[in-house]
Amino acid sequence: MSIYGLPRPTPWVWRLIIANAVVLLLLTALLPALVPSLRFQPDVVYAFRHPWTFLSYMFVHAGLWHLAFNMLVLYSLGTRVEERMGSKTFILFYLYCGLGGALFVHGLGDVLSAIGAPDAVRVVVAEGAGGGVQTVATF
């Protein structure tokens, strides 16, 4: 069944949209001090001290517009991918892509450090490339 000609969200797409919205609400309203410990940083020492960030960063957004755009992309691409793959395969694929994005950015962070890129460049890469790799992998 469709909504205004758009496909209905599949089970895991719907759950991920809700989970991301709840995480943003909790982190914004109740636990803003927790945000830095959930964000991924492409630093070897930080990664070993905060290994959960390889997956937790997938649920941390910079604000409502960031969340809305990401969930729109998840809805528009993820619904069709989940329909083709099946729910169990899709959620595993989603998590593997997120982990792969973090590992890719982690490796890229080492390269950027080796060539002397400023911290600001490394932060932009860490914040954006994980989602970018995840979106490209969904195609």
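1. Tryptophan 14 lies in helix α1. In this predicted model, tryptophan 14 has a relative accessible area of 46% and is therefore classed as partly exposed. Its C-alpha atom lies 9.4 Å from that of leucine 74, although 60 residues separate tryptophan 14 and leucine 74 in sequence.

2. Tryptophan 14 also belongs to a nonpolar patch on the surface, together with Ile18, Val22, Leu26, Leu30, Leu31 and Leu34. The accessible area of these residues together comes to about 640 Å². Nonpolar side chains in soluble globular proteins tend to be buried together. The patch deserves a reader's attention against that background.

3. Isoleucine 18, another member of the patch, is likewise placed in helix α1, which spans residues 11-29.

4. Beyond its neighbours within four places in sequence, isoleucine 17 is in contact with Met71, Leu74 and Tyr75.

5. Threonine 10 occupies the loop between β2 (6-7) and α1. Its relative accessibility is 9%, and threonine 10 therefore counts as buried, the limit for that class being under 20%. Which residues does threonine 10 contact, leaving aside its neighbours within four places in sequence? They are Gly78, Thr79, Glu82 and Glu83.

6. Leucine 6 is located in strand β2. With 45% relative accessibility, leucine 6 counts as partly exposed. Along the chain, leucine 6 and serine 76 are 70 residues apart, while their C-alpha atoms are separated by 8.8 Å.

7. On the overall architecture, the secondary structure amounts to 7 helices and 2 strands. Read from the N terminus, the order of elements is β-β-α-α-α-α-α-α-α. Of contacts between residues at least 6 apart in sequence, 67% join residues at least 24 apart. The pairs of tryptophan 14 with leucine 74 and leucine 6 with serine 76 may be inspected in the structure above.

8. On accessibility as a whole, the chain has 139 residues, of which 36% count as buried.

9. On confidence, the mean pLDDT of the chain is 77, and 76% of the residues score at least 70. Confidence is highest in α1, at 93, and lowest in helix α7 (residues 119-138), at a mean of 46. Over residues 117-126 the pLDDT is below 50, and this stretch has 15 contacts in the model beyond near neighbours in sequence. Residues 135-139 also stay under 50, and for them the model has 8 contacts beyond four places in sequence. Where pLDDT is low, the predicted coordinates should not be read in detail.

Key
Residues numbered from 1 in each chain as written. Predicted model: local features only at pLDDT ≥ 70, side-chain atom pairs only at ≥ 80, totals over all residues. Heavy atoms only, no water. Patch = residues over 30% accessible without salt bridge, like charges linked within 9 Å, V, L, I, M, F, W, Y side chains within 5 Å. Areas by Shrake-Rupley, 256 points an atom, 1.4 Å probe, with all protein chains shown as cover. Salt bridge = Lys/Arg side-chain N within 4 Å of Asp/Glu carboxyl O. Helix = DSSP H or I, 4+ residues; strand = E, 2+ residues; numbered from the N terminus. Buried < 20%, exposed > 50% of the residue type's maximum accessible area, 1.4 Å probe, protein only. Contact = heavy atoms within 4.5 Å. pLDDT = per-residue confidence, 0-100.
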